[in-house]
Amino acid sequence: MNGIVDTIKNVLKETDLVLGWTTDPVTGVATPARFHDEKEAEQAVFDSTCAHNLAVHLPRLKDSRVGIVAKGCDARSVIELIIEHEVQREQLAVIGVGCGSLLDVKKIWRRYGYGVAIKDRDDSLLIGGEQVNRDEFIQRKCHGCLEADPDIYDVIAGEVTGEIPTDTVRPHPLHDMFVSLTPAERRSFWREQFSRCIRCYACREVCPMCFCRDVCIMQTQIPRWAGGAVDAKQSEMIQLIRVNHLAGRCTGCGECERACPVGIPLMLLLDEQNHAIEEMFAYGAGASLKARPPLLVFDVNKDIWGKG
Amino acid sequence: MKFIASDRIDGLLERLGERGPVWAPREPEGAAGTVLFAPWRPGDAVELDRFTTLSAKKLVLPASEKLLSFSYSLTPEGEALDITGADQGRGDTVLFGARVCDARAFTVLDALLALPPGESYQDPGYRSRRRNLLVITLACTAGDAACFCSSWKEGTASTQGSDLMLYPAGEGYLARSVSPRGEELLALDIWEDSDLEPPELAVTDRVPFEALEAKLVGSLFSDLDFWRELTAKCVSCGYCTYTCPTCYCFDMYDEMSSSRDGERCRSWDACMFYLYTLETSGHNPRPTIAHRYRNRIGHKFSYYPANQGPVLCTGCGRCIRGCPVGLDIRDVLRAAGER
Amino acid sequence: MSTIPRQGKKALEPLRPEKATVVDVIRETHNIKSLRVVFDDEELMTSFTFQPGQVGQLGVMGAGESTFAIASPPSQREYIQFSVMKTGVVTTAIHELAVGDRVTVRAPMGNHFPVDRWQGKNVLVIGGGIGMAPLRSLFLHMMDHREEYGHLQLIYGARTPSDICYRDDCRDWKQCGDVDFITTIDTGNQDWEGRVGLVPAVLEEEEPSPENNIAVTCGPPVMIKFVLESLGKMGFRDEQIYTTLERRMKCGIGLCGRCNVGPRYVCTDGPVFSLKELGELPDEM
């Protein structure tokens, strides 16, 4: 069994580059990195601050043999990208890593200041020297972890957790509050949330499944689905388009919500939708390479009318 | 010096409110800990300890604004077109709790957008809003690991762009006016006299960038591999440009409100977007993230200083704190300096 | 930095266009139309002056505005002509316009061909496709002031005979005898009387002397590339060669930030650059 550095070095023998993380010297937390040779690979780390889903880079690396370090949740994105032919299984070397749970670094920084010293030990979390309740500072998605260990990998670095994944999409923490609202209240809830949106499209750009990238329908001139104004109405429209386009494709990695500069709970929309799709089609995006997305294989005659 | 106790800040804000809307750093409900400059109303809590995620630039450059309204109509002589300029101005507005980097950003933008008449093109909306903005700045006794305003000579001691400076001291703030309008504020009867000494101000990271102006149009410009390497993890979103207090680029577009009426508007735009420079022919002079990031850094540290004077950056660190992929502009500037 | 001085209203509201009316629409080719427009403000129309090479923002309220070279010469005081190739949203809206329709204009903008400095020199003009628009303005201007220039030669290329714009002008230039006018097409047909061959090839056949000569070229990027090579081969120095740049633009006044090539803004510092000036710009074409 090898650590992350040795594993990456090995994988580099057969790939052009490996997508992983290194520690940012200023903040002491992980930042995405690309390793091309053994020397670079010395800098690789895996720890509880490795939140970024590196699968987002795969569709831009179609011509390379790519190694990618993947947590359980990231592996779901890799699987979904393979299913959708955005990346070929053969070009990939997936380095699986078992993941306990990830820290919500942004939340820590927002409360204690950027770059505050973070020491995450087995059962204690020290922020700026102060012992805090670790549960309060882990990524929201980790509370309902679907996959602590990756389902797809070529090699495992470190140890797997051996944890049994949660078998169903855990509702978003705001779920109970949200479903108790009337339709009008829901609308005003989102209007309020989207009034902070600045249309930076970070939600889209960090999403592994939003691979339309530069030709995204939200910005086409003809037809023009969204207006140019930066306001709640347009942002709501944009996000509804995005969420709809992720129906049966969102793997719940939570990157959009993590990236949002103004704290809009985007995963509330996606979790609700993912949950509904799971109920209707018994499908969870990225759960298995063999599964076929409902939008690809759904047959109106058979699946609704029962006629073959 | 004049002094105000922390528990009387609300009183000060109320008095400021007599001059116009007051914007202050606040943490909106349900915003996951984000602090933003937002309109303040009596009873609202003000957050003066933490930094805001977004800058205060929208007070002078709204994220989107109407420039013109137009309307077509049929007359006996044929089709008529009416165009009316929108009122882009804003009355007196108070920005409370800006930081030195926020206030200085206004003076950096002034160098392009508020030049004296006759010298260049004007931005009437910007000028009017800027003229009517009263800036009350909170000096920093501590920065965080993203701050690098000390890269500029005056660092945290700068008073550029401010009307009134507040310095944390004792259980409140010492006040110093740095403009005639600031002087007026000190005449309000809410200040006490104090013997407290002004505090020692923070010293933040220093990034050398003086040599970059020439390099960025020379050897570094043609070194696309340099930019590719440094931006490998960038995902090309607009986070850095939209949170930046000095990024001012915009898009213009028309919106129809009926088949005959509409508005010409402008909105923030980001040079990191592929569509920003995409031409109808399909040609894009900045087709990759590396091209676009090169332009972003070039504009800030070479083109703007060459054309307008100041560097288009104040070291506020916003683009660093929340970058979804942890790209630190200082790493790029230092690497560029060493190249 | 060249900054075009502005007075009055424009200095205050640079993004506010003037209203204008279409007075003529000429279908040049299957995808190019020329529009002749007149400012509604008569006083403005009377006082409107510009230099060849300058551009304007022609717009249709509701669709937007785009930058086009002014294709009419400064001596033409009756109207302002723009030639527009149908490619995107704004140009499609412009192509739908008819005489009497309402448009907007912000003009003149940008710099211009330094025609004053060319006095007494021979001028070689090389155009291709829609790139003829600013060159038409230039060439007509030089013919208006024929005595100020030496030998005038125009090589104009298009893909096929039906892609030739400004047919009336071409006929005049061919007939006037005072200028050397060559049209060439990439692929000919039986009715075609002009030359056949790519513009750079025709240029090399003509082999104009660089002596006391200025070369101005405008057209598709690939044509410009090879024309510049040919001119270099023939001994033209970079400061004798001029071209225009095209970039996506919104504001047209150096603010919105998209048309810059390094520190220079095509909208205010350009669109006209000498090859020497281009060589000094960072390479981001």
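How many bridges pair strand E4 (residues 64-75) of chain B with E5(B), and in which sense? The two strands pair in the antiparallel sense over 8 bridges. The model is predicted: local features need pLDDT of at least 70, side-chain atom pairs count only at pLDDT 80 or more, and totals for chains, interfaces and linings use all residues. Residues are numbered from 1 along each chain as its sequence is written, while chains are lettered from A and ligands numbered from 1 in the order in which they are written.

**View 1. The open sheet of 4 strands in chain B.**
The strand order is E5-E4-E12-E11 (chain B), with antiparallel pairing. Strand E5 (78-85) and strand E11 (250-256) of chain B are the edge strands; each has a single partner strand, so one side of each is left without a neighbour in the sheet. Neighbouring strands are turned by 20° against each other on average, direction ignored. Within the E4(B) and E5(B) pair, B:Ser71 stands opposite B:Asp82 in E5(B). Strands (E, at least two residues) and helices (H or I, at least four residues) are DSSP runs, numbered from the N terminus. Two strands pair if DSSP finds at least two bridges between them. Axes are lines fitted to C-alpha atoms, for helices over the stretch in contact, and angles run from 0 to 180 degrees between N-to-C directions.

**View 2. Strand E9 of chain B and its pairings with E1 and E8.**
Strand E1 (residues 2-5) of chain B pairs with strand E9 (residues 172-177) of chain B in the antiparallel sense, over 4 bridges. Here B:Ile4 stands opposite B:Tyr173 in E9(B). Strand E8 (residues 164-169) of chain B also pairs with E9(B) in the antiparallel sense, over 6 bridges. B:Ala169 faces B:Gly172 of E9(B) as its opposite residue. E8(B) and E9(B) form a hairpin with 2 residues between them. In the turn, B:Gly170 has a positive phi of about 55°.

**View 3. The side of chain B that touches chain A.**
Contact involves 37 residues of chain B and 35 residues of chain A. Two residues are in contact if their C-beta atoms, placed from the backbone, lie within 7 Å. On the chain B side, helix H8 (239-243), E11 and strand E12 (261-268) of chain B are the elements that give two or more residues. By class, this side has 20 nonpolar, 11 polar and 6 charged residues. Ala, Val, Leu, Ile, Met, Phe, Trp, Tyr, Cys and Pro count as nonpolar, Asp, Glu, Lys and Arg as charged, and the others, Gly among them, as polar.

**View 4. The side of chain B that touches chain C.**
This contact takes 41 residues from chain B and 36 residues from chain C. E4, E5, helix H6 (219-222), E11 and helix H9 (289-308) of chain B each supply at least two residues of the chain B side. E11(B) gives the largest share, 6 residues. The chain B side has 22 nonpolar, 13 polar and 6 charged residues.

**View 5. Helices H6 and H8 of chain A.**
The axes of helix H6 (residues 183-194) of chain A and helix H8 (residues 232-245) of chain A come within 8 Å and cross at roughly 105°. That makes H6(A) roughly perpendicular to H8(A). Angles under 35 degrees count as roughly parallel, over 145 as roughly antiparallel, 65 to 115 as roughly perpendicular and the rest as oblique. H6(A) contributes A:Trp190, A:Arg191 and A:Phe194 to the contact; H8(A) contributes A:Ala232, A:Ser235, A:Glu236 and A:Gln239. The classes are 3 nonpolar, 2 polar and 2 charged residues.

**View 6. The open sheet of 3 strands in chain A.**
The order is E6-E7-E8 (chain A), and the pairing is antiparallel. Strand E6 (118-121) and strand E8 (130-132) of chain A stand at the edges, each with a single partner strand, so one side of each lacks a neighbour in the sheet. On average, neighbouring strands are turned by 25° against each other, direction ignored. Strand E7 (residues 124-127) of chain A pairs with E8(A) over 3 bridges. A:Leu126 stands opposite A:Gln131 in E8(A).

The assignment, automatic or from a database, gives domain 1 (8-109) and domain 2 (115-244) of chain C. The contact takes 17 residues from domain 1 and 15 residues from domain 2. On the domain 1 side, strand E4 (64-69) and strand E5 (80-85) of chain C are the elements that give two or more residues.
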